[in-house]
Amino acid sequence: MKLIALTGSMRRGNSEISARYIANKLNADLEILRIANMNIKPCKACYACIFGEKCKIDDDVYFILEEIKKGDVILISSPVYWLDSPGKIKAFIDRCFMAIPYFEDFKEKKGAIVYFYGFEELRGWASTTYNLMLRCIGIEPLIIMPIHSPLPGEVLEKKSNLDIVAEVLKNGKRVVLDGQCPICLSETFKFKNGFECSLCGSKFNDRFEVIEKSERFSLDWMINHYDELRKFKDVYIEKRSYLKDLIDKYIKK
Ligand SMILES: Cc1cc2nc3c(=O)[nH]c(=O)nc-3n(C[C@H](O)[C@H](O)[C@H](O)COP(=O)(O)O)c2cc1C
């Protein structure tokens with residue numbers, strides 16, 4: 001079994017230790033992709049890749065996707081930085097329209113997330129970013145495990161949490177932890193006539209029971225969403241000259 005671990009941490013701290021611990025538990029070969037050290041340029045929003053063209057930006061994104069292809073198990077093991085993921089992780093997510101041709105390959109892989117934070121009240125929304133990261137490459141997470149571990153190595157004081165992640169990756173049975181959306185495992189919700197999952201859009205009553213299930217960012221939803229995006233090309237061609245006139249009218253050169 002091959003385990004590919006993706007991390008946004010630069011140091012050999014909790015993220016790397018956890019990846020090694022879980023790989024040992026699974027008796028898996030481990031490859032760590034340190035996203036923080038990679039060359040990831042911003043998306044140019046040309047949309048060529050959603051029409052099947054190769055991305056013309058020359059950086060490490062294809063390398064990362066090709067390495068993920070070699071894994072049976074994909075683990076995101078990464079910290080909270082300023083309530084979210086480190087910036088390079090978001091830079092990678094922004095480029096993930098490029099992952100469309102990999103969906104067929106990736107959908108069979110098992111995915112899990114383990115993330116580390118220093119302060120309970122500062123966990124923020126990193127979990128949702130990591131959840132999205134896995135879904136952007138066509139993998140739905142089996143478990144998302146938050147672990148309070150400010151100092152490098154402290155995660156091993158809570159290694160039973162890593163054992164749970166390893167077990168889930170072994171048996172492939174999804175686990176929903178306390179406070180997570182039962183549909184998509186998100187940990188962030190907004191209030192809009194009741195609670196709504198900010199990722200999948202499912203709605204809940206005040207006892208946290210699902211009253212309306214939604215599947216935003218499931219693999220089927222993603223595929224359908226890209227079909228919707230492709231239709232924008234014709235809409236843009238139709239509206240282009242009107243939009244140009246509008247810009248010329250209101251924006252001075
Ligand atoms: C730049 C930076 C920002 C951080 N921001 C947060 C934060 O917003 N919330 C939090 O709980 N911990 C925060 N932390 C603490 C880390 O999440 C924590 O130390 C984690 O264990 C680091 O993982 P690592 O050992 O794999 O690098 C931050 C750490 C750094 C270096």
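In which loop is the place of Phe208? Select Phe208: the residue sits in the loop between strand 8 (203-204) and strand 9 (210-212). Strands here, like helices, are DSSP runs numbered from the N terminus, with at least two residues (E) for a strand and at least four (H or I) for a helix.

Before going further, two conventions apply. Residue numbers start from 1 along each chain as its sequence is written. The model is predicted, so local features need pLDDT of at least 70 and side-chain atom pairs count only at pLDDT 80 or more, while totals for chains, interfaces and linings use all residues.

**Stop 1**

Phe208 is not a glycine, yet its phi is positive, near 65°. Because 11 other C-beta atoms lie within 10 Å, Phe208 is exposed. The scale used throughout counts other C-beta atoms, placed from the backbone, within 10 Å of a residue's own: 20 or more means buried, 12 or fewer exposed, and values in between partly exposed.

Now select the strands on either side of this loop. Strand 8 and strand 9 run antiparallel and are joined by 2 bridges, and Phe204 stands opposite Val210 in strand 9. Two strands are said to pair if DSSP finds at least two bridges between them. Extending the selection shows an open sheet of 4 strands, in the order 6-7-8-9, with antiparallel pairing. Strand 6 (189-191) and strand 9 form the edges; each has a single partner strand, so one side of each has no neighbour in the sheet.

**Stop 1: the whole chain**

The C-alpha trace spans about 65 × 45 × 35 Å along its principal axes. Of the 253 residues, 35% count as buried. Among contacts with a separation of 6 or more, 71% join residues 24 or more positions apart, a contact being two C-beta atoms, placed from the backbone, within 7 Å.

**Stop 2: the ligand shell**

Select the ligand and the 20 residues around it, of which Gly13, Ser15, Pro79, Tyr117 and Gly118 come nearest. Helix 1 (14-26) and strand 4 (110-117) are the elements that give two or more residues to this shell. A residue is near a molecule if its C-beta atom, placed from the backbone, lies within 6 Å of it. By class, the shell has 11 nonpolar, 7 polar and 2 charged residues. Here Ala, Val, Leu, Ile, Met, Phe, Trp, Tyr, Cys and Pro count as nonpolar, Asp, Glu, Lys and Arg as charged, and the others, Gly among them, as polar.

**Stop 3: helix 1**

Select helix 1. From first C-alpha to last, its 13 residues reach 18 Å, close to the 18 Å expected at 1.5 Å a residue; the expected span is 1.5 Å times one less than the number of residues. The helix is mostly covered, with 10 of its 13 residues buried, including Ser15, Ile17, Tyr21 and Leu26. What covers these buried residues includes strand 1 (2-7), strand 2 (29-34), strand 3 (73-79), strand 4 and helix 6 (159-171). Asn27 follows helix 1 and has a positive phi, near 55°.

**Stop 4**

Move to strand 4, where 8 of 8 residues are buried. Lys110, Ala112, Val114 and Phe116 lie on one side, and Gly111, Ile113, Tyr115 and Tyr117 on the other.

**Stop 5: Ser78**

Finally, select Ser78 in strand 3, which stands opposite Tyr115 in strand 4. Ser78 counts as buried because it has 29 C-beta neighbours inside 10 Å. Beyond neighbours within four places in sequence, its contacts include Leu6, Gly8, Ser15, Ile89 and Tyr130. Ser78 and Tyr130 are 52 residues apart in sequence and 8.5 Å apart in space, C-alpha to C-alpha.
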